[in-house]
Amino acid sequence: MKPSAAVSATMSVALAATVLLAGGPASAQGRHGGGHPDGQSYPYGTKTPYEPQGRPKQYERAPGGYLPVFTENVARHGSRAMTDSEDGDLVLAVLGTAEQRGALNRLGAGLAPQVRTLLGAASAVGYGNLAGRGVREHRETALRMEQRLPELFRTIAAEHEPVVVETSGVARTVASANAFTSGLTEGQPSLAGLIRAPVTDKNLLYFHKQPQNADYQAYLAHDPDLAAVLAGIEGAPRTEQAARHVAERLFDAEFVASMSAEDRIAFARALHQLYSSAPDLAEEAPAVDLDPYLTSRDAQWFAYLDDAEEFYQKGPGFAGRTVTYRMAQPLLDDLFAAVEAKAAGTGHDGAVLRFTHAEEIEPLAALMGLPGSTEPAAPDEPYTYRNDEWRGGQVSPMAANVQWDLYAGGAGKDGAGRSGAGKSPAYLVRMLYNEQETAFKSSCRPIAKGSYFYDLDELRRCFGRA
């Protein structure tokens, strides 16, 4: 993208100060360590395979007298094949030219077979389709959900309550839904007849592509501030330095010198995309190992470039602007509507399961103020790993999920109660984010300091629904 001259000049000065003083991403010291508060780094960005973050044995117990009566989630599709062969084709084309010129060193000579194997695996799965790892991610997440809520799923089975399944309609979300529900029936076979066939709701689960969000689509295509900040970030000296380093490790000096800076960057970024995709295809291409071809430091830099794009295009974005995440409001409304209906006695579903994409999870995380998604970037201070906690691999890895569990107690058990002054809440809600107990935004008051349980009426108040 080419920024306007006026905006570009401002952003270039700000970026030089911010990025160079930071010394690049804080997590560049190593793949499994670095500057992120949780001690992790994410060299694969949003392609990071899913790992549950919670420790069930340490979960807070529900207050006495409260039992789970409903659960719902919003989940990204699981690990998948890359959406096309473009990056692989580019890498193979450069490697082919280098081979013809006798410019490949020993390390470089081993890369093309790895790339061809990876592309073959992706083609066999179907570009963009759910991989075996993605199936396993969702099946195992479902089994853990049942293990956390055994009373609820026994009640669902005994009372013949429906389990509703909704998807974006894209094949990988339908396959993710099927993997998840197969996990549920594996753990509780009596649920089989209660799980509804997946239904498609693009307005809810593919909203970034829908006509009502034309302003968002225009922002991606034409916003000068967006174009400027991303061009400035990619244009930082570290990008060319990392790209040159990648090339120098694979090709002889004469070939590296014959490549333009733009060609080196395009090659290195394409290689990083393949590097990030390889773990998602680990079951189909177990012999592929692209780690030797990118140093940890270089991989972290290119992951930062990818994270910057995600941050500004789908995440918190610019301070004072909400175009990247306000479109998630109908999804948040739907989460509330489901628990409210159950509490009011008008909803009879036992669970609602939704399967979507990073383009929906990231705006939802920003709208809700989930961990890592609370801080937008000031216009004069571009996003870096030093000044913001947002990481694609934390906010929206493959199979990322947000889960709300509704608990009833006392008068709330029969669906008729409402909490009042001095009374115990009729309904409590607990949220899990990637299976970790997670507080709602700071303006919401839990039932006790440090608790992860919230009065449903309090959540309605603090989200402006009361």
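Reader: Which residues in α5 are buried?

Author: This is a predicted model, so keep that in mind. In α5, the buried residues are G132, R133, G134, E137, H138, T141, A142, L143, M145, E146 and R148.

Reader: What covers the buried residues of α5?

Author: Several helices and strands. The cover includes the helices α6 (150-159) and α7 (171-187). It also includes the strands β1 (66-76), β4 (351-356), β5 (401-409) and β6 (427-433).

Reader: How far apart are the end C-alpha atoms of α5?

Author: They are 25 Å apart. Helix α5 covers residues 132-148, which is 17 residues. At 1.5 Å a residue the span should be 24 Å, so the two values agree.

Reader: Now the whole chain. How many helices and strands are there?

Author: The protein chain has 18 helices and eight strands. It has 466 residues, and 55% of them are buried. Take the contacts with a separation of 6 or more: 80% of them join residues 24 or more positions apart.

Reader: Next, α14. Is it mostly covered or mostly uncovered?

Author: Mostly covered. Of the 19 residues in α14, 16 are buried. From first C-alpha to last, α14 reaches 26 Å, close to the 27 Å expected.

Reader: At what angle do α9 and α14 pack?

Author: At about 145°, with the axes 10 Å apart. Helix α9 is residues 214-222, and helix α14 is residues 296-314.

Reader: Why give both an angle and a distance?

Author: Because two packed helices are described by the angle between their axes and the distance between the axes.

Reader: Which residues make the contact of α9 with α14?

Author: From α9 they are Y216, Y219 and L220. From α14 they are Y312, Q313 and K314. By type, these residues divide into four nonpolar, one polar and one charged.

Reader: Changing topic. How much space lies in the largest pocket?

Author: About 1100 Å³. The lining has 39 residues. Nearest the centre are K47, T83, Q273, E309 and E310.

Reader: Which helix gives the largest share of that lining?

Author: α13, with eight residues. Helices that each supply at least two lining residues are α2 (86-100), α9, α13 (261-277), α14 and α16 (358-368).

Reader: What types of residue line the largest pocket?

Author: The lining divides into ten nonpolar, 14 polar and 15 charged residues.

Reader: Now some single residues. Where does T239 lie?

Author: In helix α11, residues 237-248. T239 counts as buried, because its relative accessibility is 0%.

Reader: What does T239 touch?

Author: Leave out residues up to four places away in sequence. Then T239 touches I233, E234, I265, W301, F302 and L305.

Reader: Last one. Where is S190?

Author: In the loop between α7 and β3 (199-200). S190 counts as partly exposed, because its relative accessibility is 43%. S190 and A158 are 32 residues apart in sequence, and their C-alpha atoms are 8.6 Å apart in space.

Terms used
Residues numbered from 1 in each chain as written. Predicted model: local features only at pLDDT ≥ 70, side-chain atom pairs only at ≥ 80, totals over all residues. Heavy atoms only, no water. Axes fitted to C-alpha atoms, helices over the stretch in contact; angles between N-to-C directions. Helix = DSSP H or I, 4+ residues; strand = E, 2+ residues; numbered from the N terminus. Contact = heavy atoms within 4.5 Å. Nonpolar A, V, L, I, M, F, W, Y, C, P; charged D, E, K, R; others polar. 1 Å grid on protein atoms, 1.4 Å probe; cavity = no way out; pocket = protein on both sides within 12 Å on 5 of 7 lines; lining within 4 Å. Points joined across faces, edges and corners; volume = space filled by probe spheres on them. Expected span 1.5 Å × (residues − 1). Buried < 20%, exposed > 50% of the residue type's maximum accessible area, 1.4 Å probe, protein only.
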